[in-house]
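The following note sets out some comments for a colleague. Please read the points alongside the sequence and model.

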Amino acid sequence: MTTEPEFPSKKRLFLGLLILTFIIVLVVVNILGWIATVGLQQLNPVFPFIAQVLVGISFTIISAIMLILVLTVALGKELPFGRKLRGLMVKVFLPIMIVIGRLFGISRENIKRSFIEINNQLILSRHLNLPPEKILLLLPHCLQLADCQQKITNNVENCKQCGQCNIKDLLELAHKYGAKIAVATGGTLARKIVKDYRPRLIIAVACERDLTSGIHDTYPLPVYGILNQRPNGPCWNTRVDIQRVEKAILTFSHS
């Protein structure tokens, strides 16, 4: 049985990998700077000095980025420039962290879970208070009962609300609070749904892989991720904690 586990904060795991990633990046920058200095010495005595200045500037900028991102993750709050720099964390450093983590025997799933938790903390720190209709509840198709004949990807209202899967409960939540709701079969359809609905916040239910890629693809739009439960394995008759979804809607919306 594969379900979303109860686990303590993964902040230290993510923070440690983030710091290690920055150290490696800084070492690489210094090595490249040294190589450039030695090579340029043969061309012109001025070029090594220019190379050293550029390396120094790069080192300072990268160190500043590191400090802001590390403090952002450690404090769970987006500091000045933190929202823009979060894009670097999502699009650049996370893939590097996954590679580094694998070298240390840390699974891709654990790193992604850690990232999702940190991302959620940062979204919560913004204290968003939105009209419910500006919130999109984005669901994976695997929440629907596998042998159900109702096609809900084009229109989730086609659900007959038999109660055999969580779609009925989630549809009732959307109606109760006035939030938008949609079901996607993959990243392409999910991006189209986001473009059509134009939400200001997405509450997304999915597995580690899809949540991480969704946060990446929709940046800078905030995505609050809720891991699905997989009692039958991945992508097959999955479930979700309805109370957690409702709590998220209430946290980010006002009536």
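1. The model is predicted: local features need pLDDT of at least 70, side-chain atom pairs count only at pLDDT 80 or more, and totals for chains, interfaces and linings use all residues. Residues are numbered from 1 along each chain as its sequence is written, and side-chain values use heavy atoms, leaving out hydrogens and water.

2. An open sheet is formed by four strands in the order S2-S1-S3-S4, with parallel pairing. Strands are DSSP runs (E, at least two residues), as are helices (H or I, at least four), numbered from the N terminus; pairing requires at least two DSSP bridges between two strands. The edge strands, S2 (180-184) and S4 (223-227), each pair on one side only.

3. Strand S1 (residues 135-140) runs parallel to strand S3 (residues 201-206), joined by four bridges. Leu138 has Ala204 in S3 as its bridge partner.

4. Helix H5 (residues 167-177) packs on the sheet and touches S1 and S2, its direction making about 150° with that of S2. Helix H7 (residues 208-218) also packs on the sheet, touching S3 and S4, at about 175° to the direction of S4. Contact means heavy atoms within 4.5 Å; axes are lines fitted to C-alpha atoms, for helices over the stretch in contact, and angles run from 0 to 180 degrees between N-to-C directions.

5. Is Trp34 buried or exposed? Trp34, found in helix H1 (residues 11-40), is exposed because its relative accessible area is 60%, the cut-offs being under 20% for buried and over 50% for exposed, with partly exposed in between (1.4 Å probe, protein chains only).
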